[in-house]
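User: I'm new to this one and would like to go through a few parts of it. Can you help me read it?

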Amino acid sequence: MVGRGLIKPDELVRIHEIGEKYDELRPELRGAHAIAQQAVEANREERARIKAEKKAAAEQRKRDHAARVQENKRTDIVFLGRGLSAGLADRRSNVERLQLNGLPILSTPSDVAQALKLEVRHLRWLAFHAEASTVSHYIQFIVPKRSGGERLLSAPHRKLADVQHWILENILNKIGPHSAAHGFVKGRSIRTNAAPHVEAAVVVNCDLTDFFPSIHVHRVIGLFKQIGYSPAVATILALLVTEAPRRKVTYNKKAWFVATGKRSLPQGACTSPAISNLIGRSLDARLHGISGKLGWTYTRYADDLSFSTQNDQAQVGYLLARIRHITNDENFSVNEKKTRVLRQAARQNVTGIVVNKKLSVNRTTRRKLRAIIHNAKRDGLVRQNRVRRPNFAGWIGGMISFVTMVNPEQGKKLRKQSEGLL
């Protein structure tokens with residue numbers, strides 16, 4: 001290469017020196033490479049070990065989480081359905097208010113379960129809201145209304161009925177309704193509801209539209225919170241006493257109960273009347289107040305509002321306007337088709353009782369009852385049972401008791417007439 005002029009002699013010498021030096025270092029390079037390979041293998045093994053440890057730790061965390069979830073399910077409730085679980089994390093009850101009213105001190109879901117003598121999982125099952133479920137805690141059926149249309153009745157199954165009875169006896173019945181409320185109140189009746197309106201110059205009767213269905217679950221939660229219970233307890237109690245209207249459908253050869261409306265007070269639960277009276281306290285207070293200011297007397301029996309005055313020149317139109325405003329403001333509405341203004345010249349009825357001069361059952365009903373008793377004595381009870389009542393004698397006795405309750409004098413005459421018949 002030197003002879004051909006490709007490199008210089010001193011460059012060739014340098015190349016040989018480098019080659020000799022490389023031959024000297026070759027064993028050391030092989031050792032360094034081996035060390036490097038060992039380091040790489042050690043690093044790979046370390047990373048595999050760390051990965052295995054992390055995987056094992058993750059698996060342990062998963063097992064711990066599953067165990068905590070199972071323990072929480074056994075001892076706590078944190079979810080009861082979409083849109084109804086926000087308050088379950090707040091367990092702060094107003095203990096002083098509860099003690100003042102003599103109510104059970106409940107703050108957590110486990111407190112409620114213990115008070116009801118249920119396991120938490122059973123409490124969750126009874127309170128859980130699902131838009132579609134294969135199980136329903138109610139038997140729902142439709143009956144016709146006297147005024148037309150249909151009414152949905154919901155009868156709870158025994159387990160839920162027992163729970164609702166406990167809530168009624170231990171919580172709801174310990175808080176009194178407004179003095180104007182006469183429906184479903186111990187010691188009050190349609191008679192006490194009608195008595196304040198006897199011999200009035202004008203009687204006004206109004207009816208609230210869809211009274212129970214308009215009291216939805218969030219209003220009931222608000223009631224229990226107002227009483228003093230924590231949002232968690234209020235939510236659970238409200239879910240136990242409300243239900244959504246449901247339709248039974250079949251999907252994939254399986255029966256499903258699908259919600260067709262909002263969850264509200266069911267007609268058929270023992271707690272619904274008491275809850276409606278407590279939620280209606282504000283309505284009663286406002287209607288009682290405006291009535292007194294305008295010279296009217298006010299009472300309410302369930303969804304029937306009754307007003308009366310001795311002033312035959314009273315401004316009925318203004319009263320009706322105030323009634324509409326207040327009821328709408330309290331999230332109720334007046335059924336305009338059932339509003340009646342009754343003066344002394346007409347038969348004045350309050351919850352089915354005539355109040356023109358005294359408390360009385362209407363004449364048509366009394367005459368019909370007298371005729372049935374008279375003809376039954378002559379021809380027998382069977383021939384008078386034209387509508388095929390299953391216990392006709394019991395029905396007659398019940399009607400006589402009703403008349404006696406309204407007007408003892410009228411009832412005494414009927415009872416004497418029926419002697420030897422029942």
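User: Which residues of α5 are buried?
Analyst: This is a predicted model. In α5, the buried residues are Leu 160, Val 163, Gln 164, Ile 167 and Leu 168.

User: Where do they sit around the helix axis of α5?
Analyst: They line one face of the helix, because looking down the axis of α5 they fall within an arc of 140 degrees. An α-helix has 3.6 residues a turn, so residues three or four places apart point the same way.

User: What do the buried residues of α5 pack against?
Analyst: Their partners are the helices α4 (120-127), α7 (217-227), α8 (231-240) and α9 (272-279), along with the strands β2 (138-144) and β3 (150-156).

User: And how many residues does α5 have?
Analyst: Helix α5 has 13, covering residues 158-170. From first C-alpha to last it reaches 18 Å, close to the 18 Å expected at 1.5 Å a residue.

User: You listed α7. Is Lys 225 buried or partly exposed?
Analyst: Lys 225, which is in helix α7, counts as partly exposed because its relative accessibility is 42%, and buried means under 20%.

User: What does Lys 225 touch?
Analyst: Leaving out residues up to four places away in sequence, Lys 225 touches Arg 97, Pro 231 and Ala 234.

User: New topic: how much space lies in the second largest pocket?
Analyst: About 260 Å³. Its lining divides into 2 nonpolar, 5 polar and 5 charged residues.

User: Which helix gives the most to that lining?
Analyst: Helix α12 (residues 363-379), with 3 residues. The lining of this pocket also includes Asn 356.

User: How far apart are Asn 356 and Lys 225?
Analyst: They are 43 Å apart in space, C-alpha to C-alpha, and 131 residues apart in sequence.

Notes: Residues numbered from 1 in each chain as written. Predicted model: local features only at pLDDT ≥ 70, side-chain atom pairs only at ≥ 80, totals over all residues. Heavy atoms only, no water. Helix = DSSP H or I, 4+ residues; strand = E, 2+ residues; numbered from the N terminus. Expected span 1.5 Å × (residues − 1). Buried < 20%, exposed > 50% of the residue type's maximum accessible area, 1.4 Å probe, protein only. Arc of directions from axis to C-beta. Contact = heavy atoms within 4.5 Å. 1 Å grid on protein atoms, 1.4 Å probe; cavity = no way out; pocket = protein on both sides within 12 Å on 5 of 7 lines; lining within 4 Å. Points joined across faces, edges and corners; volume = space filled by probe spheres on them. Nonpolar A, V, L, I, M, F, W, Y, C, P; charged D, E, K, R; others polar.
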